[in-house]
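Here's a friendly walk through a few spots in this protein. Have a look at the picture first, and then we'll go through them one by one.

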Amino acid sequence: MAKTKPIFRCSACSHEVAKWVGKCPDCGAWGTVDEAVLAATPSGASARRAMLPSTAAAPISTIDSQVTKARATGVSELDRVLGGGVVPGSVVLLSGEPGVGKSTLLLEVAHRWAAQPGEKSLYVTAEESAGQVRLRADRTGAVHERVYLAAESDLSILLGHVEQVRPSLLVVDSVQTMLAPDVDGVIGGVTQVRAVTAALTSLAKVSGVAVLLVGHVTKDGNVAGPRTLEHLVDVVLQFEGDKNSTLRMVRGIKNRFGSADEVGCFELHEDGIAGVDDPSGLFLHHRTDSVPGTAVTVAMDGKRPLVGEVQGLTVKTEIPAPRRAVSGLDYNRVAMVLAVLQSRGRVFLGKHDVYAATVGGMRLVEPAADLAIALAIASAESDTALPAGWVVLGEVGLAGEVRKVTGLTRRLAEAQRLGFTDAVVPPGSEKMKGGGMRIHEVSDLRTAIRLSGLRGRREGDR
């Protein structure tokens with residue numbers, strides 16, 4: 001029999017020490033070191049003893065692939081990110097900041113799932129009472145007779161609910177608040193979270209129940225707990241959004257059953273959450289005429305093209321250090337574009353406050369938006385609008401050159417679908433199949449400014 005030896009592990013960072021200490025020597029947390037017992041590694045003949053497998057290995061050609069076929073949840077935007085739906089026996093971890101709408105989304109998923117013929121869903125909450133969840137269900141219209149609800153934080157009792165209800169979908173809100181009674185450690189600690197997740201994963205694989213877990217995130221946006229938690233599950237989704245905006249985005253971080261590059265868009269309302277099939281309209285300011293200081297570009301969020309608007313504003317100031325304010329854009333990238341705009345584009349902004357922002361809460365951080373930022377600011381400085389129906393794509397280098405961007409065909413197809421007629425793109429880019437748009441190739445920033453009909457403020461004009 002293998003001998004056991006006591007060790008002490010920090011529940012915050014999993015650092016192990018030989019004896020108990022009040023402060024973890026690795027992360028510096030106080031009172032997080034608990035005793036754990038590990039089995040010593042067997043050696044000799046016992047370590048090499050063969051065990052008869054319970055299930056014999058089978059040729060891969062005889063394995064039924066339909067067992068892992070995804071089943072739609074009824075929420076189309078979530079199904080897009082999952083790769084078609086939820087796979088029976090899979091474990092999905094949905095992480096996000098508090099109040100972003102995780103519980104609302106999963107309650108809607110449980111409702112849509114139970115509305116399908118012959119399906120039942122079990123929603124287990126350890127953070128709220130059953131009455132609180134029922135109030136949310138009444139408000140969002142997620143009440144169904146085949147949606148079962150349990151307010152429980154004990155893992156053993158949760159497994160008992162699963163045996164009684166026998167659902168095909170299990171929602172646990174949240175994994176950090178569940179307690180495994182036979183495991184040491186505090187609720188939410190590393191040891192507890194690992195044990196709960198491992199038990200629910202085993203349940204999913206054995207019974208074929210699809211499990212959806214809610215996970216908290218840390219200050220830096222990562223899933224709370226060790227990174228091994230993400231390795232235990234099949235799918236990891238990030239639910240994000242600005243609390244000042246109704247827009248919510250679900251991004252795939254890991255997906256064993258499909259692509260991890262998909263993005264789902266939702267709008268959070270008082271009466272629930274709804275998917276947005278065409279989110280590009282949220283990021284455009286609909287107007288009949290062009291306005292100085294605006295430029296339209298197309299960003300790629302995963303595999304999804306999103307048309308957005310960049311706005312710029314310049315205001316003359318007497319302050320020695322003009323202000324630079326940015327919203328929805330990368331501040332350092334905008335600062336670089338301003339430097340190139342002045343040095344290579346001959347648009348001087350040394351005595352102007354510059355403001356740059358996106359519309360509708362969109363966040364643009366990819367280099368493909370560089371040219372749109374530059375032309376929007378140049379348009380604001382010259383008080384001249386870009387031609388109507390133009391979309392601008394291109395990365396701007398420090399030498400003022402306009403570089404190629406990835407996925408240009410998909411970007412232009414999305415812009416054409418929304419009615420844009422002209423595109424300013426880098427030279428040598430792949431042409432869009434079928435035509436329909438006038439393509440203007442520009443090799444450098446100054447050529448783009450000249451083509452757009454903008455005239456920057458020259459040093460001699462001051």
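## A hairpin, a helix and a buried pair

Let's begin with two facing residues: Leu268 sits opposite Ile273, which belongs to strand S12. Keep in mind that this is a predicted model. The partner strand here is S11 (residues 263-269), and it pairs with S12 (residues 272-275) in the antiparallel sense, over four bridges. Getting from S11 to S12 takes a hairpin of two residues.

Now for helix H2. H2 covers residues 102-114, so to speak 13 residues, and spans 18 Å from its first C-alpha to its last, close to the 18 Å expected at 1.5 Å a residue. How many of the residues of H2 are buried? Twelve of the 13 are, which leaves H2 mostly covered. Among them are Lys102, Ser103, Thr104, Trp113 and Ala114.

UniProt, in an unreviewed entry, puts a "binding site" feature at Gly96, Glu97, Pro98, Gly99, Val100, Gly101, Lys102 and Ser103. Of these residues, Glu97 is included in the lining of the largest pocket.

Pro98 is in the loop between strand S4 (91-96) and H2, Lys102 is in H2 itself, and Asp422 lies in strand S20 (residues 422-425).

| Residue | Relative accessibility | Counts as |
|---|---|---|
| Pro98 | 57% | exposed |
| Lys102 | 7% | buried |
| Asp422 | 4% | buried |

Why does Pro98 count as exposed? Because its relative accessibility is 57%, and exposed means over 50%. Lys102 counts as buried because its 7% is under the 20% cut-off.

So what does Lys102 touch, not counting residues up to four places away in sequence? Its contacts are Leu94, Ser95, Gly96, Glu97, Val214, Gly215 and Phe239. With Glu97 there's a polar detail too: a polar atom of the Lys102 side chain lies 3.0 Å from the backbone oxygen of Glu97.

Finally, over to Asp422. Which side chain does the side chain of Asp422 join in a polar contact of 2.9 Å? That would be the side chain of Arg438. Leaving aside neighbours within four places in sequence, Asp422 is in contact with Gly389, Trp390, Val391, Met437, Arg438 and His440.

Note on methods. Residues numbered from 1 in each chain as written. Predicted model: local features only at pLDDT ≥ 70, side-chain atom pairs only at ≥ 80, totals over all residues. Heavy atoms only, no water. Expected span 1.5 Å × (residues − 1). Buried < 20%, exposed > 50% of the residue type's maximum accessible area, 1.4 Å probe, protein only. UniProt positions renumbered as here; feature names shortened; annotations may be inferred. 1 Å grid on protein atoms, 1.4 Å probe; cavity = no way out; pocket = protein on both sides within 12 Å on 5 of 7 lines; lining within 4 Å. Contact = heavy atoms within 4.5 Å. Polar contact = N/O pair within 3.5 Å; in protein donor to acceptor, adjacent residues only side chain to side chain. Pairing = 2+ DSSP bridges.
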